[in-house]
Amino acid sequence: MTDSHQYCTFYLGDQCFGLDVLRVQEIVRYQPLTLVPLAHPMIRGLINLRGQIVTAIDLRERLGLPPRLEELEPVNVVVQTDEGAVSLLVDEIGDVLEVTEEQFERPPETLQGTARDLIQGVYKLADRLLVILEPEQVLSLPTART
Amino acid sequence: MLNNEILREFLLETHENLALLDSDLITLEKNPTEKNTLAQVFRTLHSVKGTAGFMGLVKLESVAHSAESLLSKLRAGEMRFNPTIATAMLQVVDAIREMLASIEASGEEGTGDYSALTAEVDRLREAGENEAPTVPSPAPAQVVEQRVAEQPVVEHPAGAAPIAPQPSVVPVMAPPPPPVAAHSPAETIVIPPPETATETKAANVADSNIRVDVGLLDKLMTLVGELVLARNQILQYSASHEDDAFLGAVQRLNLLTTELQASVMKTRMQPIGNVLNKFPRIVRDLALACGKKVRFEMDGQDTELDKTLIEAIRDPLTHIVRNAIDHGIEPPETRKSRGKPEEGRLRMVAYHEGGKVIIEISDDGGGIDEARVRDKALSAKLVSPEVAAGMSRQELLRLIFLPGFSTADRVTQFSGRGVGMDVVRTNIERIGGAVDIESPPGQGTTIRTKIPLTLAIIPALIIVSGGQRYAIPQVSLLELVRLDPQQALRGIERIQGAPVYRLRGTLLPMVFLDEQLQLAVTRGATDDLNIIVLQADDRPFGLIVDAIRDTEEIVVKPLQQQLKGISVFAGAAIMGDGRVALVLDVLGLAQRASVIPGLKSRAVGERERPAAPAESAGQTLLLFAPSAGGQMAMPLSLVARLEEFPRSSLENLGARQVVQYRGEILPLVDVSRELASLGGHACATKRHEDDASDTVSVVVYAAGEQRAGLIVDRILDIVHDQVATRARANRPGVLFTAIVQEKVTEFIDVAALVRAATTDLLQATT
C-alpha cells in the first residue's frame with residue numbers, strides 16, 4: 001500500500017479535521033492555561049507539558065470559526081515543529097484513520113478566505129468529510145497589521 | 001577521504017592548543033628562558049605536525065614543520081627567543097588557525113600561500129645557526145648526563161666527599177653506603193628533564209578528564225532545573241503531612257537535589273582564564289599597532305563562571321581593553337614628559353565577591369577628563385547644558401555609557417567610532433551584570449564589571465496583576481513600597497496625566513502593570529497599593545501591581561517564536577505548583593511605558609498609539625530633507641548613527657535595497673518613496689538620476705533588535721525645539737506637521753514606516 005496515509009483526527013463543532021499522524025506528538029487533556037497579554041488573539045496561552053513550556057493556539061480562532069462554548073474544555077493536540085512543540089486547541093479528539101489516495105480531492109473553489117491556505121484537501125469518507133490541515137500554515141500566524 | 005571523527009577530534013584539540021600557544025609565546029617573549037613553556041610550545045607544534053602528516057594535510061604539515069625546527073634550536077639552547085621570533089611564531093599560529101578554519105568549513109586546507117612565512121621562519125633558524133658559535137651555551141645538561149653515564153666510579157669520590165664524616169662514624173657499614181651516596185647527587189642533576197615531568201602530569205590530567213558535549217550539559221542543567229521545581233512541589237505538599245518516614249525521605253530528597261544542582265552547575269563552570277588567555281595577544285598586537293608600550297598583567301584566571309557567560313563577556317572585555325590601550329594609555333613620549341614610566345600598565349583582575357564575579361580592567365593612563373566628556377556629551381546633545389552643569393564628576397564619567405558617545409578626537413582603526421561603551425554596557429546588562437567606571441584625574445581608569453555566576457536559575461519576585469502571576473527578576477528590583485488606601489489617594493499625583501509618586505522627596509514615575517498589559521483592572525479603590533521600585537537603564541520607576549507574593553528561584557525559558565515579538569516578556573517559567581508564569585522584561589516594560597526612550601513594542605494585536613503631544617514637546621529632533629523635497633523631522637533618540645554610503649555599495653535583495661553595515665545586512669528605506677507608497681500613489685521623486693553625488697545619506701534607525709537605514713537627500717540640522725504649532729497629518733506615515741525653524745516640517749512615524757517597508761525582510765528572518 002503505497003498511497004495510504006494515516007491521519008490523527010479531531011473535531012471543531014461537527015466538522016472533522018485531520019493532521020498527518022507523524023506530525024502529532026501527543027494528545028493532552030485540558031491543561032490550565034497561562035494567558036499571554038498583548039499576544040496575538042489566536043494564542044490562548046501557555047501550558048506546562050512535562051517541564052516544557054508550550055504555546056497553545058486556538059484552532060477555532062485560527063480557522064475563523066465562532067468561539068467555543070465556555071463549558072467545553074478544549075483538548076491539546078501537540079504538534080512538533082522545528083522550534084519545539086506547539087499545541088492546537090480542539091473541541092474533541094477522534095481516531096487515527098488510514099485513508100487512501102483515491103479518496104482525496106483538492107479543496108473546492110468555493111472555499112474562500114483564511115481557511116483556504118490552511119487546508120491541503122479533503123478525504124471523502126463513507127459517512128463524512130475529513131478536512132486535512134497544512135501544519136506549517138496553521139502554525140505560522142499571520143501578521144495582523146500590514 | 002578523511003575520517004570525520006578523527007578530523008573533528010583533531011580540530012577540537014588543536015583549537016584548544018592554539019589558544020594556549022598564543023599566551024605561551026607572549027610569556028616567552030617576556031621571559032625567553034622559560035624552559036617549560038618552550039617545551040610546551042614545541043610539543044604542541046610537534047603534535048600538529050604529526051597529525052597533519054598523518055592526515056595528508058601537506059601545507060599545514062610544512063608550516064608546522066619549519067616552526068618546529070626553529071623551536072628545536074631554541075630548545076637546545078642554540079638560539080635565544082627574541083621578539084622577531086615571537087612575531088614569526090605568532091604568524092605561524094595565525095596561519096595554522098586559518099588552515100584549520102578552512103578545513104573545518106570545506107575539508108580542504110584552503111588556497112593560502114604560506115611559503116613566504118616558512119621561508120621567513122627558516123631564515124630565522126639559519127640566522128640563529130650562523131651565530132650559534134658566538135652563543136656559548138652548548139647544552140650543559142647533556143654533558144652532565146654523559147659524565148654520569150660513562151664514569152660513575154670516577155664521580156664516586158667527588159660525590160662521597162661531602163659525606164666523608166659519616167663513614168668514619170659507622171666504619172662497619174662503610175662499603176654499602178658509598179654507591180648510594182654517589183648515585184643520589186648525580187641523579188638529582190640529571191633526572192629532571194622538564195618534559196618528562198610535565199608529560200606524565202599531562203597524561204594524568206588526560207586520564208581524569210573526558211570531553212562532554214555542551215548540549216548534553218545543557219540538557220542536564222534543564223533536567224536538574226525541573227527536578228528542583230518538582231522538589232519544591234513535594235516540599236510544599238509535605239508541609240501538610242505529619243508522617244515522619246515521609247518527611248524524612250523528603251528531607252533527604254531536598255538535600256540531594258540541592259547538592260545535585262550545585263554539582264551540575266559546577267560542570268558548566270569554566271575558569272575565566274579561557275577568555276582572559278586571549279588577551280595577552282590582543283594587548284600585544286594593539287599596543288604595537290597604536291605605537292604604545294604596554295605591560296599586561298592578569299590575575300584570577302582560575303575564577304569560575306558559567307560557560308554561556310564566559311562567551312558573553314568576551315566582546316565587552318575586548319572592547320574595554322581596546323579603549324584602554326587606544327585612549328587610556330598615553331604614547332611613550334607623553335608618559336615620559338609626565339614623569340611616568342614609558343611602559344604603560346594594563347591590569348585585568350577577576351575575583352568572586354558576594355556571589356558575583358568581578359572583572360576589573362585598569363590602566364595607568366591619563367584617566368578621563370570630565371570636562372571633555374561634558375563637552376562631547378553637550379555637542380552630541382546627549383544631555384542638556386542645565387543638567388550637565390549640575391552633574392558630579394562620577395555622573396559625568398558615566399555619560400560615556402550613553403549611546404553615541406565617543407571621546408576620541410580622531411577615529412582609529414580600533415575605536416572612536418561612537419559605538420562603544422554603550423554596547424559594552426548593553427551586553428553586560430543583558431546577562432544581568434553591571435558596569436561602572438572609576439577614574440581619579442590623571443591616574444588612569446578602572447572599569448569594573450560585575451557578572452552573575454550563572455544565568456540558568458535566577459531569583460525572582462512573584463507578583464499578581466489582573467488575576468495572573470508574573471515573575472520579576474530580582475536583579476532589577478530596588479525596593480517595595482506599600483501604601484494604604486488613604487496614602488494611595490494622596491500619594492499618587494499626576495503631571496499632565498502621568499502618575500508620579502514622591503519617594504523620599506524624589507519624583508518616581510509610576511507605571512500600572514495592568515494598564516501596560518491591557519488587562520482588566522481588578523484593583524479596587526479600597527485596596528492597598530503595591531509599588532515595586534524597579535531600575536531600568538539606571539532610571540528607577542514604580543510598577544503598580546495588585547499583589548506581591550513571594551520570591552522564588554525560577555528557570556527562565558525562552559518564549560516560542562509565536563510570542564517572540566512581545567518585548568515586555570523575557571520568557572516564561574514553571575512555578576512550584578506546575579503552572580506557567582510569564583517573566584517580565586523590566587527593560588522592555590520601561591520602554592513600552594516610555595520610562596526610557598525606545599521603540600514601542602511591536603507586539604501584534606497592540607493598539608497603535610500615536611506619539612502623545614506631551615512626549616515630543618521639547619525633544620531633540622533630527623531635521624532632514626527627503627529626496628522628494630520639503631523638510632521632515634524625527635526624534636534623535638531613534639537615530640543610532642548618521643552614515644554616508646557610496647552609491648555603489650547598495651545592493652538589491654528582491655525588491656528591497658540593502659547595504660552591508662557592521663557585518664550585518666541593513667535594510668534601506670527611501671523615506672519619500674515609502675511615504676508615497678503608503679499613501680497609495682507613485683513616488684514623485686524630484687531626484688535627478690544624473691545626481692552628481694555618488695554617496696547616499698542614510699539615517700540608521702535602531703530600536704531593540706531592529707535596524708533600518710532611512711535614505712534621505714541630506715541631513716539638515718539637529719535642533720532642540722519646543723514644537724508649539726502643530727497640525728494634523730494629511731497622509732499616512734506622518735504623525736503630524738509642525739513649524740520648525742520657520743519651515744513647515746512633517747514629523748514622520750519612523751517605526752510605522754520601517755515596519756511597512758521591512759515586513760517582508762522581517763518575516764524572512766523570524
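B:D94 is partly exposed, with a relative accessible area of 28%. By the cut-offs used here, buried means under 20% relative accessible area, exposed means over 50%, and partly exposed covers the range in between (1.4 Å probe, protein chains only). What you are looking at is a predicted model, in which local features need pLDDT of at least 70 and side-chain atom pairs count only at pLDDT 80 or more, while totals for chains, interfaces and linings use all residues. Residues are numbered from 1 along each chain as its sequence is written, chains are lettered from A and ligands numbered from 1 in the order in which they are written, and side-chain values use heavy atoms, leaving out hydrogens and water.

**Salt bridges in chain B**

Let's stay with B:D94 for a moment. Its side chain meets that of B:R281 in a salt bridge, 2.6 Å from N to O. B:R281 sits in helix α14 of chain B and B:D94 in helix α4 (residues 83-106), so this pair ties together parts that are 187 residues apart in sequence. A salt bridge here is a side-chain nitrogen of Lys or Arg within 4 Å of a carboxyl oxygen of Asp or Glu. In general terms, side chains of opposite charge can pair when their charged atoms come close.

Helix α14 turns up again in a second pair. B:E29 forms a salt bridge with B:R284, with 2.9 Å between the closest N and O atoms. This pair, too, links distant parts of the chain: B:E29 is in helix α1 (residues 4-30) and B:R284 in helix α14 (residues 279-290), 255 residues apart. Helices (H or I, at least four residues) and strands (E, at least two) are DSSP runs, numbered from the N terminus.

B:K293 lies in the loop between α14 and β2 (294-299) and B:E342 in the loop between α16 (332-337) and β4 (344-353), so parts 49 residues apart in sequence are tied together. Over all chains, the whole structure holds 34 salt bridges.

Here is how accessible these partners are:

| Residue | Relative accessible area and class |
|---|---|
| B:D94 | 28%, partly exposed |
| B:R281 | 10%, buried |
| B:E29 | 25%, partly exposed |
| B:R284 | 13%, buried |
| B:K293 | 43%, partly exposed |
| B:E342 | 27%, partly exposed |

Through shared partners, salt bridges join B:D22, B:E29, B:D94, B:R97, B:R281, B:R284 and B:D285 into one network.

**Where the chains meet**

Now for the interface. Chain A brings 28 residues to the contact (heavy atoms within 4.5 Å) and chain B brings 32. About 2500 Å² is buried between them, with carbon and sulfur atoms giving 60%; buried area is the accessible area (1.4 Å probe) that two parts lose on being put together, summed over both. Across this interface the rule finds 0 salt bridges. On the side of chain A that touches chain B, β4 (43-49), β5 (52-58) and β7 (84-90) of chain A each supply at least two residues. β5(A) gives the most, with 5 residues.

**A serine in strand β7**

A:S87 lies in strand β7 of chain A. A:S87 is buried, at 0% relative accessible area. Leaving aside neighbours within four places in sequence, A:S87 is in contact with residues including A:I47, A:V54, A:I57 and A:N76.
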